[in-house]
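Visitor: Please show me how to read a protein model. I would like to take the features one by one.

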Amino acid sequence: MDWKQILCATGLWLLLHGGAEAQPQIAFDKTMHDFGSIRWKVPVTAEFEVRNEGDAPLVINKVSASCGCIVAGWTKQPIPPGGTGYVRSTFDAKAVGRFHKTVGIYCNASPRPVYLAFKGTVEYQPKDYSAYPYAIGSLRLDTLRVDFPDACKGDRPVAEIRIANTSGTPYEPVLMHLPPYLSAEAVPARLEEGEAGVVRLTLNPDQLAGLGLHETSVYLSRFPGDKVGTDNELWVSSVLLPDFSSLSEAERQNAPKARLSADEDIEMRLEAGKHRVSRKIALANDGNSALEVLALQVSDPAIGISVKKRFVQPGSSATLRVTLNTKELGRRRQPLRVLMITNDPERPKVVFRINVIKE
């Protein structure tokens, strides 16, 4: 074989084999986070959503920071194709003035680090409260909802609520009615007039009762002896997933693999004058061992979800039946969702977002 034939054969092999190799692809909901005005010596956290837009699991090996004032955290488990994870960077400002910081993401989707950035201005006291759009009494907050999207036993994820004191007296932030799986710490413990700080919530998944979604209300005390009510209510949600971190490569190769006949955004068409509608979704197992449906949960009592087979053998399928009765929709009118958790290590969580179309 002459050199031209060798080149042609090599090019054909690369075309047939190299181009077909599965690869992860990393993407983010944003690459820059602007804190605006923050308080001196009060840590703040920027969270970036990580998406895997490739066709192989994405693994984040390390996150490096541009200075010692940054503590980084990230999703330690492989992120499956189409799945999401996070990168969190907590910045503890040591000096007053403008700042621009970066973190480098080392992963198997790129031979070089991928960089994220955040910026803002450190002040002794905030000059405006545009970053705190929610009010509870004389307090301003940056959010009324805290989410811990994916956690496993042994994890200790942390989330923050930023609070500014716009009253005329000193204030000590306290969260009331915390469940056993949540703990809270105010930093600083006392806010003077015009000062801002954070309430840091830590989730202990070991205390959660079971897999799936857990939701609760906690209440921000506005003054000593305050009572709970809808006007000082905060919502906290968490999702507990099975832990696959100890699986060997052989066990992963032999694992089940879920395949669905519908996208995660599903349409349910409601005929004129009707209040009920249903939709069937096929759940197939393309893996090498039994697929187990570990949990099925709904975001509103108006939604029903059922599956006849809890175990789906390799090469088989089962039918998920989703029903909706619009007369029973809850008063909060929260997004309509169905959560399914299985023992598929590449995609243990599936969230169906229901869009109702009235005809």
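Visitor: Is Cys107 buried or exposed?

Guide: Buried means under 20% relative accessible area, exposed means over 50%, and partly exposed lies in between (1.4 Å probe, protein chains only). Cys107 has 7% relative accessibility, so Cys107 counts as buried. Cys152 also counts as buried, because its relative accessibility is 5%.

Visitor: What should I know about the model itself?

Guide: This is a predicted model: local features need pLDDT of at least 70, side-chain atom pairs count only at pLDDT 80 or more, and totals for chains, interfaces and linings use all residues. Residues are numbered from 1 along each chain as its sequence is written, and side-chain values use heavy atoms, with hydrogens and water left out.

Visitor: What average pLDDT does the chain have?

Guide: pLDDT is the predictor's confidence in each residue, from 0 to 100. The chain averages 88. At least 70 is reached by 92% of the residues.

Visitor: Where in the chain is confidence lowest, and where is it highest?

Guide: Helices (H or I, at least four residues) and strands (E, at least two) are DSSP runs, numbered from the N terminus. Confidence is lowest in helix H1, residues 3–18, with a mean of 42. It is highest in strand E23, residues 311–312, at 97. Over residues 1–18, pLDDT stays under 50. For that stretch the model has three contacts (heavy atoms within 4.5 Å) beyond four places in sequence.

Visitor: Which cysteines does a disulfide join?

Guide: A disulfide is a covalent bond between the sulfur atoms of two cysteines. Here the criterion is a pair of cysteine sulfur atoms within 2.5 Å. The structure holds one disulfide. It joins Cys67 to Cys69, with S to S at 2.2 Å.

Visitor: Why is the disulfide of Cys67 and Cys69 left-handed?

Guide: Look at the torsion about the S-S bond. For Cys67 and Cys69 it is about -60 degrees, so the disulfide is left-handed. Cys67 counts as buried because its relative accessibility is 19%. Cys69 counts as buried because its value is 15%.

Visitor: How many bridges join strand E7 to E8?

Guide: Two strands pair if DSSP finds at least two bridges between them. Strand E7 (residues 97–107) and E8 are joined by nine bridges and run antiparallel. A hairpin links E7 to E8 through six residues. His100 has Lys119 in E8 as its bridge partner.

Visitor: In what sense do strand E2 and strand E8 pair?

Guide: Strand E2 (residues 32–39) pairs with strand E8 (residues 114–123) in the parallel sense, over six bridges. His33 stands opposite Phe118 in E8.

Visitor: What order do the strands have in the open sheet of four strands?

Guide: The order is E11-E17-E16-E13, and the pairing is mixed. The edge strands, E11 (145–151) and E13 (174–176), each pair on one side only. Strand E16 (residues 212–221) and strand E17 (residues 233–240) run antiparallel, joined by eight bridges. Leu213 has Val239 in E17 as its bridge partner.

Visitor: Which residue has a side chain joined to that of Glu292 by a polar contact?

Guide: A polar contact is a pair of N or O atoms within 3.5 Å; within protein, one must be able to donate a hydrogen and the other to accept it, and residues adjacent in sequence count only if both atoms are side-chain atoms. The side chains of Glu292 and Arg310 are joined by one of 2.4 Å. Glu292 is found in strand E21, residues 291–298. Glu292 counts as buried, because its relative accessibility is 15%.
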